[in-house]
Amino acid sequence: MNIPRKVHWRVVLDLADYAKRESRFKEAKILFKLVAYLQPYAYQGWLEYAKMEEECGNQEKSRKILIEGLKFSSLNENLFIKAVKVEEKLGNIEAVRILIKELKNVPIDKSWRMLLEGALFEGRIGNKNGARSQFRELMDKCQTYGPLFFEASRYEERESQFEESLSICEEGLEFNPKYGPLWF
């Protein structure tokens, strides 16, 4: 495959995506690697490459790609959330918790969605106290972020804690009266 020296990484990404859709996985893999080489700070290449490997059943390879991508774009929500989900699928609970802990010194406005995913993760693995604690901490720090209250309310609803779910909605509405999902 001859690729000109000054080719734009987005073109290569489109070619990789096309190869993936055509089930030409060897070509797609080469092209995704080229995207990562040409523009390692572009999360899209890492994310699509990891998704392809996951779809092909290569969970561990997908994990490695995501971890490598996070080295270049450590605060990218899409990469982070996908990494959490892959680690969870592999049963690497401590690896997820390490990813969450690495956000400790990141300003909350840049990390709240990733921290929210951490709270949801704790809930999915059955750590009810950990999930509730993380939700509460986020709701206390980010009172104007309606989606936090919504997700915390939905979590309580899934746990059949309907009164707590309603209480969280009401609390969220105090700070976010225009956030529509809390009204339902």
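**Salt bridges, worked through**

The side chains of Lys 71 and Glu 68 form a salt bridge, 3.3 Å from N to O. This is a predicted model, in which local features need pLDDT of at least 70, side-chain atom pairs count only at pLDDT 80 or more, and totals for chains, interfaces and linings use all residues. Residues are numbered from 1 along each chain as its sequence is written, and side-chain values use heavy atoms, with hydrogens and water left out.

**Exercise 1.** Work out how Lys 71 and Glu 68 are placed in helix H4.

*Solution.* Start with the term: a salt bridge puts a side-chain nitrogen of Lys or Arg within 4 Å of a carboxyl oxygen of Asp or Glu. Next, find both residues in helix H4, 3 residues apart, so about one helical turn separates them. Helices here are DSSP runs (H or I, at least four residues), numbered from the N terminus. Finally, check accessibility: Lys 71 is exposed at 61%, while Glu 68 is partly exposed at 31%. Buried means under 20% relative accessible area, exposed over 50%, and partly exposed in between (1.4 Å probe, protein chains only).

**Exercise 2.** Find the helices that the salt bridge between Arg 97 and Glu 122 ties together.

*Solution.* First, take the N to O distance, 2.8 Å. Then place the partners: Arg 97 is in helix H6 and Glu 122 in helix H7, so the bridge links parts 25 residues apart in sequence. Last, compare accessibility: Arg 97 is partly exposed at 25%, whereas Glu 122 is buried at 5%.

Terms used: Helices (H or I, at least four residues) and strands (E, at least two) are DSSP runs, numbered from the N terminus.
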